[in-house]
Amino acid sequence: MRITLVALDGVFDTGLAALLDAFTTANELARLHGVPVSPFELTVAGTGRRVRTAQGLTLATTPFPLRRAPDWVVVPAIGVKLPAPLVAALGAAQVRAAGEALRHWAVRGASVAAACIGTFVLAESGLLDRHESTTTWWLAPLFRERYPAVQLDESRMLVKSGKVVTAGAALSHMDLALWLIRQKSPRLAALTARYLIVDTRPTQSAYAMVDHLAHNDPMVERFESWARGRLRQGFSLDAAARAVGTSKRTLARHLGRVLGRTPLSYFQDLRVERAVHLLRTTEESVDQIASRVGYAEGVTLRTLLRRRLGRGVRELRRGGA
């Protein structure tokens with residue numbers, strides 16, 4: 001399998017290194033354990049012959065586009081974590097050049113993948129339009145606003161849609177690499193994961209923090225302020241719309257556009273987030289905390305925690321949650 005990694009100036013060091021180390025380790029383990037697969041052929045491509053990483057390291061690159069299309073093109077993240085700097089970075093000439101190269105390779109049969117903020121670079125190329133996708137969870141509002149033609153589900157760690165694969169936040173670079181290795185050999189992927197001690201993480205929901213979502217939207221902020229003040233009392237769309245100063249229909253549409261959630265689902269997210277905080281920071285029982293966030297019974301909270309957090313619920317103070 002020929003894999004080209006697209007490394008732009010400011011590339012996220014951990015993301016690029018995780019991809020390189022995973023495929024290199026897989027090649028070594030295949031030889032060591034006699035797994036009958038051809039090696040991964042890696043090329044690091046960029047706009048020139050050298051790239052400078054976010055931490056100031058330099059790396060030799062092959063200028064793109066390559067004459068021969070690879071089997072897979074993978075876009076690691078660039079090292080920008082906040083909305084305003086990211087928007088500025090996406091306007092750079094190197095991102096436009098990367099988009100041209102990605103389209104060039106895609107037309108010639110290459111499959112395309114991206115992880116974390118690399119999904120923004122891929123989306124800029126237009127190759128994600130009308131596809132399902134994930135992205136780094138805290139920048140989902142910006143992604144949704146900037147790329148309305150992409151069907152975003154930021155709760156998922158990995159999303160395959162046609163010949164495009166996207167992965168979530170920073171360390172999902174490793175999840176993406178293991179997924180690609182698994183396409184050649186499930187056994188080799190399992191070996192690589194064991195040697196590198198990587199757990200399966202099917203969802204980002206266990207790690208996402210609702211109050212860290214990078215949005216700067218007055219209506220969302222008014223709704224969130226109203227919701228946090230009445231988690232115990234319960235949800236009312238009529239009351240929410242009055243508090244925000246808009247109609248129920250406008251509120252629902254606006255939250256759907258910015259956050260990809262209904263008002264009720266976002267209200268429930270805030271309840272679960274508050275419950276998780278209390279579980280980690282107090283000695284109260286699940287039943288007591290359920291009452292504090294508006295649930296009549298602890299069993300309801302336990303069910304929501306399992307559904308929304310998956311395996312991450314095991315990290316909570318009370319394993320019975």
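**Helix 6**

I began with helix 6, where 10 of the 13 residues are buried, so I note this helix as largely enclosed by the rest of the structure. I keep in mind throughout that I am reading a predicted model. The buried residues I listed for helix 6 run through Ser172, His173, Met174, Asp175, Leu176, Ala177, Leu178, Trp179, Leu180 and Ile181. I then looked up what lies over them, and the cover includes helix 1, helix 7 (186-196), and the strands 6 (72-75), 7 (111-115), 10 (158-161) and 11 (164-167). As a check on geometry, I compared the end-to-end distance of helix 6 (residues 172-184) with expectation: at 1.5 Å a residue its 13 residues should span 18 Å, and the end C-alpha atoms are 19 Å apart, which agrees.

I count Leu32 as exposed because its relative accessibility is 61%, where the cut-off for exposed is over 50%.

**Asp269**

I looked up Asp269 in helix 11, which comprises residues 263-281. Its relative accessible area is 14%, so I record Asp269 as buried, the limit for that label being under 20%. For its partner I found Arg261: the two side chains make a polar contact at 2.5 Å.

Which residues other than glycine did I find with a positive phi? One is Arg130, with phi near 70 degrees, and another is Ile197, with phi near 55 degrees. I placed Arg130 in the loop that joins helix 4 (118-124) to strand 8 (132-133), and I placed Ile197 in the loop between helix 7 and helix 8 (218-228).

Are these two residues buried or exposed? Arg130 counts as exposed because its relative accessibility is 66%, and Ile197 is likewise exposed, with a relative accessible area of 72%.

Key: Residues are numbered from 1 along each chain as its sequence is written. This is a predicted model: local features need pLDDT of at least 70, side-chain atom pairs count only at pLDDT 80 or more; totals for chains, interfaces and linings use all residues. Side-chain values use heavy atoms; hydrogens and water are left out. Buried means under 20% relative accessible area, exposed over 50%, partly exposed in between (1.4 Å probe, protein chains only). Helices (H or I, at least four residues) and strands (E, at least two) are DSSP runs, numbered from the N terminus. A polar contact is a pair of N or O atoms within 3.5 Å; within protein, one must be able to donate a hydrogen and the other to accept it, and residues adjacent in sequence count only if both atoms are side-chain atoms. The expected span of a helix is 1.5 Å times one less than its number of residues. Contact means heavy atoms within 4.5 Å.
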